[in-house]
Amino acid sequence: MAMETGLIFHPYMRPGRTARQTFDWGVQSSIAADKAGFTSMMISEHASQIWENIPNPELIMAAAALQTKTIKFAPMAHLLPHQHPTKLAMTIGWLSQILEGRYFLGIGAGAYPAASYMHGIRGEAQDTERLNDMVRESLFIMEKIWAREPFFYEGKYWKAGFPEEEAAETEEDEQHRLADYSPWGGFPEIAVTGFSKNSPSMRLAGEKNFKPVSIFSGLDALKRHWEIYSEANIKAGHTPNRQRHAVSHTIYVGDTDAEAKREVMEGPIGYCFQKYLIPIWRRFGMMDGFAKDHGIDPIAADLEFLVDKVFIVGSPDTVVEKINELFHKCGGWGTLQIESHDYYDDPSAWFHSLELAAKEVAPRISLPGQSASVAVEANAA
Ligand SMILES: Cc1cc2nc3c(=O)[nH]c(=O)nc-3n(C[C@H](O)[C@H](O)[C@H](O)COP(=O)(O)O)c2cc1C
């Protein structure tokens with residue numbers, strides 16, 4: 001099977017964009033990605049970051065539902081410690097019904113301390129283990145809500161229940177009937193994103209047979225993610241399938257190498273990295289992996305280094321070559337999840353890049369061991 005393309009929408013809008021502009025850009029991007037042949041669009045949920053200004057990814061998905069045809073949507077991720085599980089279970093179920101199954105669910109514990117603080121989680125309560133315990137309890141409750149069988153549960157963090165449906169008073173009586181907000185097909189596919197080298201999220205994904213998603217932070221971490229995931233997945237009695245693995249990365253495809261590099265250095269992607277992502281990546285240790293891959297000091301990792309050595313930037317031929325090189329080093333993945341940027345003022349170059357990625361690049365890439373022609377045929381089928 002050929003590599004699939006997905007869009008991940010954080011959305012890295014420059015400060016000053018209004019809520020209306022961000023929302024509009026989300027819907028426009030979903031329509032463009034759907035038309036280009038992208039198989040998925042993930043939208044992240046952040047309460048605190050001005051550059052990642054979407055608190056409710058489900059609103060963009062709902063607006064895009066009637067304007068798109070085949071693309072699947074996922075929140076990436078709903079942060080389970082931040083919401084009551086029943087409310088979230090119903091939002092997820094109803095939205096997956098509205099999308100008639102074009103939906104999967106990303107879950108997470110939340111990475112930004114400021115966002116946890118806003119939800120009443122501060123100090124020691126922000127400990128990763130406790131946040132992950134909240135994730136487990138929330139998921140347990142959501143599964144019971146989706147099952148629609150009577151229960152009442154008093155957990156460590158939340159209370160929730162599902163009532164017994166009362167008996168009808170007359171044959172025509174419908175007031176006792178309960179609405180069905182369970183997900184399309186009964187249960188959504190669940191995805192988890194991993195980031196750190198010894199990622200507990202990847203272990204959880206493996207154990208529970210969730211879809212693994214990696215934020216690309218260097219070759220060592222990426223290789224470890226697959227090892228951790230597959231070990232846990234096999235131990236739990238499943239067969240790991242690389243086609244399910246999605247990897248988020250910064251990609252830009254232009255008509256020529258020079259044009260693509262200039263666009264990234266001087267356009268919205270470069271601006272976002274200078275103002276926001278280079279400092280964030282340094283803060284969370286992401287530069288260390290990239291610097292190690294290329295034998296430089298992390299402090300010397302600047303925008304041009306990232307564009308030349310880390311991001312995948314260039315003409316379709318160059319991008320195919322760079323991805324194949326990565327595939328041979330790490331074993332490959334099923335979906336390239338392209339990081340979206342703020343091209344709201346003039347989307348044409350960005351949408352052209354997405355088209356080239358989906359139509360000129362992805363069909364020529366397959367997992368090592370599969371021939372490219374098999375991949376092209378599979379994609380055309
Ligand atoms: C800088 C940064 C940005 C992140 N952005 C996202 C995101 O947009 N979506 C998401 O699902 N998780 C995001 N995460 C959370 C990570 O994917 C991951 O769930 C968390 O860091 C725990 O990872 P680990 O289990 O690999 O240590 C982010 C983490 C960091 C450090």
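## Exercises on a predicted model

N209 is partly exposed because 19 other C-beta atoms lie within 10 Å (buried means 20 or more other C-beta atoms within 10 Å, exposed 12 or fewer, and partly exposed in between, with C-beta atoms placed from the backbone). The model is predicted: local features require pLDDT of at least 70 and side-chain atom pairs count only at pLDDT 80 or more, while totals for chains, interfaces and linings use all residues. Residues are numbered from 1 along each chain as its sequence is written.

**Exercise 1. Locate N209 and Y12, and state the backbone feature of each.**

Step 1. N209 belongs to the loop between helix 6 and strand 9 (211–215); helices (H or I, at least four residues) and strands (E, at least two) are DSSP runs numbered from the N terminus.

Step 2. The phi of N209 is positive, near 60 degrees, in a residue other than glycine.

Step 3. Y12 is not a glycine either, yet has a positive phi of about 55 degrees. Its place is the loop between strand 1 and helix 1.

Step 4. Y12 counts as buried because it has 22 C-beta neighbours inside 10 Å.

**Exercise 2. Describe helix 9 and the surroundings of its buried residues.**

Step 1. Helix 9 has 16 residues and spans 21 Å from its first C-alpha to its last, close to the expected 22 Å (1.5 Å times one less than the number of residues).

Step 2. A kink of about 55 degrees is centred on Q274, the bend being the angle between axes fitted to the seven residues ending there and the seven starting there.

Step 3. The buried residues of helix 9 are P268, I269, C272, F273, L277 and W281. In general, an α-helix has 3.6 residues a turn, so residues three or four places apart point the same way.

Step 4. Elements covering these buried residues include strand 11 (251–253), helix 8 (257–266), helix 10 (286–293) and helix 11 (303–310).

Step 5. Just after helix 9, G285 adopts a positive phi of about 75 degrees.

**Exercise 3. Decide whether I269 is buried or exposed, and list its contacts.**

Step 1. I269 lies in helix 9 (residues 268–283) and counts as buried because it has 28 C-beta neighbours inside 10 Å.

Step 2. Leaving out residues up to four places away in sequence, I269 touches T250, Y252, V264 and H341 (contact means C-beta atoms, placed from the backbone, within 7 Å).

Step 3. For the pair I269 and T250, the sequence separation is 19 residues and the C-alpha to C-alpha distance is 8.8 Å.

**Exercise 4. Characterise the shell around the ligand.**

Step 1. There are 17 residues around the ligand, of which A111, T193, S196, S199 and S201 come nearest (a residue is near if its C-beta atom, placed from the backbone, lies within 6 Å).

Step 2. Strand 5 (105–108), strand 8 (190–194) and helix 6 (200–208) are the elements that give two or more residues to this shell.

Note on methods: Nonpolar A, V, L, I, M, F, W, Y, C, P; charged D, E, K, R; others polar. Contact = placed C-beta atoms within 7 Å.
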